[in-house]
Amino acid sequence: MELLVDIFGYLSIILHGVTIIAQSMMLGGILFLVFLARPFTHLITQGDDLERRVTRLTLYSAIGLILAEMTGVGLQIAVVMSTVDLGFLDVMQAPFAIAGTVKMLCALLLIPCLGQRVATRSLAAVLPLLIGAAELTAATFTTHAYARLDDNVLLLFVEGLHQFGAAIWVGAIPCFVLALGRLHDAHSWRLVGARFSRMSMIGVTSIVISGAVMSFFYIGNWQGFYGTAYGVMVGAKIAMFLALLALGAGNLMVTERLRKNQDASVIRMRRFAEVEIGIGFTLFFAAASLTSVPPAVDLSTDRVTLHEIAVRNAPAWPRLTSPDHDKLAISQMQARLDTQAQQRGQVAAQANVPGSGVLPPRNADDIAWSEYNHHWAGIFVLLIGFLALLHRAGVGWLKHWPLLFLLMAGFLLVRSDPEVWPMGNEGFWVAWRDVEVTQHRFFVALIMLFGLFEWAVRTGRLRSAKAALVFPLLVSVGGAMLLTHNHQISNVKDQLLIELTHTPLALAGVSAGWARWLELRLPGRGGRIAGWVWPICFMLVGVILLWYREA
């Protein structure tokens, strides 16, 4: 149970991200079904097949929401019961438990409403919409708005509008991709594309209006935007929102050409929509991460100033030599404990207990150690991007460049957590209790996996088209997970200044992954351009890492 409490913060963000995805897909599926698939069933070829498939996807999303919500609420209940002297029934009266239960019940009720018997009745559209509205209302009671003392009702409405906008646009895109894959004639594409464009515009408008209102109430001023973790994460969301808008605008142009009976690439619209799904889901993880930090207006102290940001990011030569391991804070503390224990004839206590919840001490050498790691990681990534670019330019023998990922992963495994095996006193397995160590190992495993897959694909050892997609998918996942990554540092300002570096890293990683996806999936000029973009994104990641400072 203690371990569960230790990792609760990180797990809750991941589970909340999964819950938002499932909820948006369920609500988006309902809206797509009611306002697009069913009205067009008799107007488009394969209409019945499309309705059946969209219904199935919505059902799966509802089941996913039940499972995600059950796990998330169960985790919160377990943590509350273990930290506060309350029984199960008492905890179930808490707002988060009530809201979670209502959401699960709504998803459960939706399943029979999507069945064939109900679908043929007059209530076929009304019931799913009412259930969706009830679920959305319950979801708003788990947001920051519910905890506000002022303007509570207005903010609850705005939060609901924001989630509705995300559902009708991003949540419905999987259904749109499904439709583009099933339909095969210009008439059907024209009808579906035009209707979905209008639905997307409603979603974009809802997001823009609600986002502006929430920024006013939650961020307050310019310093709240750049000087707090909340503001930085909102900035990341805005960047991804703009990327989604650009892709959506590209699809709107295709739809307009179809409407005017002009030649247009539906393949491009489909591939753009696939990327929209990926970026949209990443945006949902950013939203989940946002709920774990207080609104900027509540953080009146410990804000970072522009001067501090400028000082921290001033150009400096990369740190290419490492301090000695025995000069690190934990090493020195362990040495003192060993000496004292030896004098008393006792077994020495452990300087750092993984998962104890106590933040480890840091000194100047710890900072130098971390900067050295980041700078060498930057050299690896910069070199990888450069070699990939040369290979793209036609230098065939450089196809083995993905093997550099394995070297980088080995370097990070050894160096990222110096208090842990093989350099430190803490054992390999017991260190899994430490959330930061676990996150580092997750990233190491991810780097090794996508490096091996890409190398096998480029050298012809794996010939499956699906295998080639593993690299961009895992790179994108790595970028998304960076948005949830946190450091165990007690100084709030230092933590934010590190986050200011990691957020661009995450965005560049997500861009690299989806650009590579387009290179593989999008034929013609668009795919060729994407093929030049993603290595440059890797090089940008390398430069940012070389720029990284912790003091």
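**Close-up views of a predicted model**

View 1. Arg-52 is partly exposed, at a relative accessible area of 46%. Buried means under 20% relative accessible area, exposed over 50%, and partly exposed in between (1.4 Å probe, protein chains only). Asp-49 is buried, at 16%. Arg-52 forms a salt bridge with Asp-49, and their closest N and O atoms are 3.2 Å apart. A salt bridge here is a side-chain nitrogen of Lys or Arg within 4 Å of a carboxyl oxygen of Asp or Glu. Both residues lie in helix α2, 3 residues apart, about one turn of the helix. Helices (H or I, at least four residues) and strands (E, at least two) are DSSP runs, numbered from the N terminus. This is a predicted model: local features need pLDDT of at least 70, side-chain atom pairs count only at pLDDT 80 or more, and totals for chains, interfaces and linings use all residues. Residues are numbered from 1 along each chain as its sequence is written, and side-chain values use heavy atoms, with hydrogens and water left out.

**View 2. Asp-298 forms a salt bridge with Arg-148**. Their closest N and O atoms are 2.7 Å apart. The pair links distant parts of the chain, 150 residues apart. Asp-298 sits in the loop between α13 (266–290) and α14 (306–312). Arg-148 sits in the loop between α7 and α8 (152–171). Asp-298 is partly exposed, with a relative accessible area of 44%.

**View 3. Lys-493 forms a salt bridge with Glu-308**. The closest N and O atoms are 3.0 Å apart. Lys-493 lies in helix α21 and Glu-308 in helix α14, so the pair ties together parts that are 185 residues apart in sequence. Lys-493 is partly exposed at 25% relative accessibility. Glu-308 is also partly exposed, at 25%. Leaving aside neighbours within four places in sequence, Lys-493 is in contact (heavy atoms within 4.5 Å) with Asp-302, Arg-303, Val-304 and Glu-308.

**View 4. Thr-143 is buried in a loop**. The loop runs between α6 (126–140) and α7 (144–147). The relative accessible area of Thr-143 is 16%. Not counting residues up to four places away in sequence, Thr-143 touches Glu-159 and Gln-163.

**View 5. Helix α12 spans residues 229–259**. The helix has 31 residues and reaches 44 Å from its first C-alpha to its last. That is close to the 45 Å expected, a span of 1.5 Å times one less than the number of residues. Just after α12, Asn-261 takes a positive phi of about 60°.
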